[in-house]
Amino acid sequence: MTNTNYRCPCCRKICSEPHDLARHFLGQTDKKHKDWLKTQGLSYAQLITSQAEFGNKGYDTLAEVLGKEAPRC
Ligand SMILES: [Zn+2]
């Protein structure tokens, strides 16, 4: 069984679950992280809003993208 970890595309943070990486991502407010979201067609403000209004929807959306796009290590 392989142990896949996901690395943040913007810094050296490594998480074993896309959801953990999503949580990390939404905790970052620097331009680098926000700009990466834009390249994925996502908006930081929108994710934060949907997170507040619809439970974990912001995390779920971002985790799905990160699960596909984040570098594996
Ligand atoms: Zn990061």
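Two colleagues talk through a predicted model of one protein chain.

Biologist: What should I know before reading the model?
Modeller: Residues are numbered from 1 along each chain as its sequence is written. The model is predicted: local features need pLDDT of at least 70, side-chain atom pairs count only at pLDDT 80 or more, and totals for chains, interfaces and linings use all residues.

Biologist: How many helices and strands are in the protein chain?
Modeller: There are four helices and two strands. Helices (H or I, at least four residues) and strands (E, at least two) are DSSP runs, numbered from the N terminus. Along the sequence the pattern is β-β-α-α-α-α.

Biologist: What makes the radius of gyration agree with a compact globule?
Modeller: The radius is taken over C-alpha atoms, and the globule rule is 2.2 Å times the number of residues to the power 0.38. With 73 residues, the rule gives a value near 11 Å; the protein chain has 12 Å, so the two agree. The C-alpha trace spans about 35 × 25 × 20 Å along its principal axes.

Biologist: Why is R72 called exposed?
Modeller: Count C-beta atoms, placed from the backbone, within 10 Å of the residue's own: 20 or more others is buried, 12 or fewer is exposed, and in between is partly exposed. R72 has 8 C-beta neighbours inside 10 Å, so R72 counts as exposed. R72 sits in the segment after α4.

Biologist: Which residues does R72 contact, leaving aside neighbours within four places in sequence?
Modeller: T4, N5 and Y6. Contact means that the C-beta atoms, placed from the backbone, lie within 7 Å.

Biologist: Which residues form the largest nonpolar core?
Modeller: A nonpolar core is a set of buried Ala, Val, Leu, Ile, Met, Phe, Trp, Tyr and Cys residues joined through C-beta atoms within 7 Å. Here nine residues form the largest one: Y6, L21, A22, F25, Y59, L62, A63, L66 and A70. Two or more of them come from each of α1 (18–26) and α4 (57–69). α4 gives the most, with four residues.

Biologist: What makes α3 oblique to α4?
Modeller: Axes are lines fitted to C-alpha atoms, for helices over the stretch in contact, and angles run from 0 to 180 degrees between N-to-C directions. Under 35 degrees is roughly parallel, over 145 roughly antiparallel, 65 to 115 roughly perpendicular, and the rest oblique. Helix α3 (residues 44–53) and α4 pack at about 135°, with axes 6 Å apart. That angle makes α3 oblique to α4. L47, I48, S50 and Q51 of α3 meet K57, G58, Y59, T61 and L62 of α4.

Notes. Two residues are in contact if their C-beta atoms, placed from the backbone, lie within 7 Å.
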